[in-house]
Amino acid sequence: MTAAPVNPEASQHSHDHVRLEHVEMAYNGRPVLRDLTCRFPRGRISVVLGGSGSGKSTILKLIGGLIHARDGAVYVGERDIGRLSERALYEVRRELGMMFQNGALLDSLSVFDNLAFPLREHTRLSRDEIERQVHERLQAVGLEDVDDLLPRELSGGMVKRVALARALIQSPRVLLVDEPFSGLDPLSTKLIEALLVRINRKYGMTMIVVSHHIPSTLRMADHVVLLLPGGPVQGSPEQLLASADPRVRRFLTEDTDASEDVLAHAEEFEAGEHRPLLEQRRGRKRP
Amino acid sequence: MGVTSMIRALGHGTGDMVESLGRLAVFTGHILRVTLRPPLRLREFVDELFKVGVLSILIICISGLAVGMVLGLQGYNTLVRFGAEGSLGAVVGLSLIRELGPVLTALLTTGRAGSAVTAEIGTMKATEQLDGLRMMAVDPIDYVVRPKAWAMICVMPLLSALFIVTAIFGGYLVGVGLMGIDGGTYMSSLENAVDFGNDVAGSILKAVIFGVLVGLIATYQGFAAAPTSAGVSAATTSTVVIASVSVLIFDYFITALWGV
């Protein structure tokens, strides 16, 4: 099914960098994506939203050519990923960067070597130039003095930031970001969110973010693809918020409320405002 | 279970086996193809030589010594019945060089290094590191699999030689030290019995073939593992079982066909 644009004019494909057309995908016979058509505008932040198991991460893997659609076409620029040989795919992937949900950092390499790895593989840059570029990307994600640390020595938020820096190291034209906020505390979530926006503005790359974190999505996205059981809906955050589609309203309202509720509780927790409640529940008086 | 069900199960099993062999053949072809392509990845290859080879030295030496001592003891007790205890060096040496050295080394290396290779590649798959490499336009078979497979092939004859030497020394300790055979007799019977062109070259050939088997099976199992902890665990077990059985079966055919 084709994604229903909230604004029909928004369906113009002239500025689309990545497109999925009538994509069918199934795992072990279980359908995940059914006749999905959607687009991701060039140079913008697009966020794919949806519930668990709706096929959000599958879309990123399809774009990266890590899996192939059972039917339909996935275009990066004008190239249909599904029709390319593995060798040709490697050429396309040089234009793509991907930040995996759990980082996917090479665990036998230090942070520096993880970032330097793609440069050593694909360029003939001098050692000094590689070092300069690695440190520039690390600074871009707000990290310093982590060169010699191994991935297992990093916190969850740091792993995400190193993974983001590595995804940026080859200056990709399309950055694929899988669940950047999962497993992060509210502060780290906001930090990653700000980083993604800043990187998009600085490098001007097309960014496709998969997330189920609605508050961040609504703040950072230029374009949203919402995967819903009855079919996907796409448009700008403002268009989605103004949508009369009951499925969109239910998804955004319920999840936004839930997320804001969690955030509010987390802020209370950090401020120590939870203490009276806890003590009240325990039947004790506040000292 | 009815006859139809049995035939169906047999058909499925055969089909799966043929499919696995086909995938293994494609995988092997891929390794050979990337082997001929630069970069050579010498650093990764040396790292793997260390992990597969150097870290296996202790277990190989201890096992070799123990096997040699048992062979020396059993050999002496048997030979002394015929008054042929002077041939202990030849019996120990020939059985180790022609058969036990390469086979036991392959089995030990499968248990220690082969399972580790499978677990490492399987874990890299489960943690999306292999997909991460692909997204960085790096072929994981080139970067991860090739150095490990070639290290296994190169290391196996060396470990086998080490096993044989320590085992011969173990036999010497028992035969000469405990049982009182003359040291010169032990060594000269060994030297006279062993033919380099036939026995030693055959031993090296066997070890190389076992290295190919263990290297391919261990890397393939890791690469084909289901990306879960249970999947990695199952793949590791499969490596040990399949590689061990394959080594024993191939050993028979190599011996039968080439007489080594």
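**View 1. Strand 9 of chain A sits between two parallel partners.** Strand 4 (residues 45–50) of chain A runs parallel to strand 9 of chain A, and five bridges join them. Two strands pair if DSSP finds at least two bridges between them. Helices (H or I, at least four residues) and strands (E, at least two) are DSSP runs, numbered from the N terminus. The model is predicted: local features need pLDDT of at least 70, side-chain atom pairs count only at pLDDT 80 or more, and totals for chains, interfaces and linings use all residues. Residues are numbered from 1 along each chain as its sequence is written, while chains are lettered from A and ligands numbered from 1 in the order in which they are written.

A:Ile45 stands opposite A:Met207 of strand 9. Strand 8 (residues 174–178) of chain A also pairs with strand 9 in the parallel sense, over five bridges. Here A:Asp178 has A:Val210 as its bridge partner.

**View 2. Strand 9 of chain A is covered on both faces.** Six of the six residues in strand 9 (residues 206–211) are buried. A residue is buried if 20 or more other C-beta atoms lie within 10 Å of its own, exposed if 12 or fewer, and partly exposed in between; C-beta atoms are placed from the backbone. One side carries A:Thr206, A:Ile208 and A:Val210. The other carries A:Met207, A:Val209 and A:Ser211.

**View 3. A right-handed β-α-β unit lies in chain A.** Strand 8, helix 6 (residues 186–203) and strand 9 of chain A make up the unit. Right-handed means that, with the strands pointing away from the viewer, the path from the first strand over the helix to the second runs clockwise. A:Glu179 lies in the loop between strand 8 and helix 6 of chain A. A:Glu179 is not a glycine, yet its phi is positive, about 45°. A:Glu179 is buried, because 20 other C-beta atoms lie within 10 Å.

**View 4. A:Asp145 also has a positive phi, about 55°, and is not a glycine.** A:Asp145 lies in the loop between helix 4 (127–140) and helix 5 (156–168) of chain A. A:Asp145 counts as exposed because it has 8 C-beta neighbours inside 10 Å.

**View 5. Four strands of chain A form an open antiparallel sheet.** The strand order is 3-2-5-6. Strand 3 (30–41) and strand 6 (79–80) each have a single partner strand, so one side of each is left without a neighbour in the sheet. Strand 5 (residues 71–76) pairs with strand 6 of chain A over two bridges. In strand 6, A:Arg79 stands opposite A:Val76.

**View 6. Helix 6 (residues 140–178) and helix 8 (residues 196–223) of chain B pack together.** The angle is about 150°, and the axes are 8 Å apart. Axes are lines fitted to C-alpha atoms, for helices over the stretch in contact, and angles run from 0 to 180 degrees between N-to-C directions. The two helices are therefore roughly antiparallel (angles over 145 degrees). The contact residues divide into 16 nonpolar, five polar and one charged. Ala, Val, Leu, Ile, Met, Phe, Trp, Tyr, Cys and Pro count as nonpolar, Asp, Glu, Lys and Arg as charged, and the others, Gly among them, as polar.

**View 7. A cis peptide bond joins B:Pro38 to B:Pro39.** Its omega is near 0°. B:Pro39 is in the loop between helix 1 (3–35) and helix 2 (42–53) of chain B.

How values were computed:
Parallel < 35°, antiparallel > 145°, perpendicular 65-115°, else oblique.
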